[in-house]
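Here are some friendly notes to read with the model open beside you. Take the points one at a time, and find each residue on screen as you go.

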Amino acid sequence: MITVYEVFDADPEPLKNAKLATLDLFNNAMSFYNQKNYEQAQLLFIQCLANNPHDTVSKIYLTRTFDSSGKSWEQ
């Protein structure tokens with residue numbers, strides 16, 4: 001598996017602030033993801049995207065949770 005990293009210092013200020021606002025939520029989602037607790041990770045990644053629909057990394061990992069759990073997700 002490939003790990004996705006994101007550097008967002010160069011993002012426009014509103015996008016950067018939105019990512020920072022959901023950082024704890026994202027980190028918790030990643031913790032569940034790494035524990036293979038995909039259902040809990042999905043819930044948190046969905047919350048991240050509800051607060052910041054432009055969060056590409058959350059979208060990538062949300063898709064991965066569905067792929068890993070055998071469920072489908074429509075973007």
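**Notes on the helices and their contacts**

1. The buried residues of α3 pack against α2 and α4. Here, buried means under 20% relative accessible area, exposed means over 50%, and partly exposed is in between, with a 1.4 Å probe and protein chains only. Contact means heavy atoms within 4.5 Å. The buried residues in question are Tyr38, Ala41, Gln42, Leu44, Phe45, Cys48 and Leu49.

2. A word on what you are looking at. This is a predicted model, in which local features need pLDDT of at least 70 and side-chain atom pairs count only at pLDDT 80 or more, while totals for chains, interfaces and linings use all residues. Residues are numbered from 1 along each chain as its sequence is written, and side-chain values use heavy atoms, with hydrogens and water left out.

3. Now the overall plan. The chain has 4 helices and 0 strands, and its elements run α-α-α-α from the N terminus on. Helices (H or I, at least four residues) and strands (E, at least two) are DSSP runs, numbered from the N terminus. Of the 75 residues in the chain, 35% are buried. Among contacts between residues at least 6 apart in sequence, 45% join residues at least 24 apart.

4. Look along α3 next. This helix has 14 residues and reaches 20 Å from its first C-alpha to its last, close to the 20 Å expected at 1.5 Å a residue. The expected span is 1.5 Å times one less than the number of residues.

5. How do α2 and α3 sit together? Their axes come within 8 Å and cross at roughly 155°. That makes α2 roughly antiparallel to α3. Axes are lines fitted to C-alpha atoms, for helices over the stretch in contact, and angles run from 0 to 180 degrees between N-to-C directions. Angles under 35 degrees count as roughly parallel, over 145 as roughly antiparallel, 65 to 115 as roughly perpendicular and the rest as oblique.

6. Here are the residues of that contact. From α2 come Leu25, Phe26, Asn28, Ala29, Met30, Phe32 and Tyr33, which meet Tyr38, Gln40, Ala41, Leu44, Phe45, Gln47, Cys48 and Asn51 in α3. They divide into 11 nonpolar, 4 polar and no charged residues. Ala, Val, Leu, Ile, Met, Phe, Trp, Tyr, Cys and Pro count as nonpolar, Asp, Glu, Lys and Arg as charged, and the others, Gly among them, as polar.

7. Turn to α3 and α4. These helices pack at an angle of about 155°, with their axes 9 Å apart. That makes α3 roughly antiparallel to α4. On the α3 side, Tyr38, Ala41, Gln42, Phe45, Ile46, Cys48 and Leu49 meet Ser58, Lys59, Tyr61, Leu62, Thr65, Phe66, Ser68 and Ser69 in α4. By class, this contact has 9 nonpolar, 5 polar and 1 charged residues.

8. What about α2 (residues 23-34) and α4 (residues 56-69)? They pack at an angle of about 25°, with their axes 11 Å apart. The two helices are therefore roughly parallel to each other. Phe26, Met30 and Tyr33 in α2 meet Val57, Ser58, Tyr61, Arg64 and Thr65 in α4. This contact has 5 nonpolar, 2 polar and 1 charged residues.

9. Is Arg64 buried or exposed? Arg64 is found in helix α4, and at 17% relative accessibility it counts as buried. Arg64 and Tyr33 are 31 residues apart in sequence and 9.1 Å apart in space, C-alpha to C-alpha.

10. Compare that with Glu39, which lies in helix α3. Glu39 is exposed, with a relative accessible area of 52%. The C-alpha atoms of Glu39 and Ser69 are 30 residues apart along the chain and separated by 8.1 Å.

11. Finish with the loop between α3 and α4. Asn52 is found there, and Asn52 is buried, with a relative accessible area of 3%. Not counting residues up to four places away in sequence, Asn52 touches Leu15, Ala18 and Lys19. Pro53 lies in that loop too, but Pro53 is partly exposed, with a relative accessible area of 46%.
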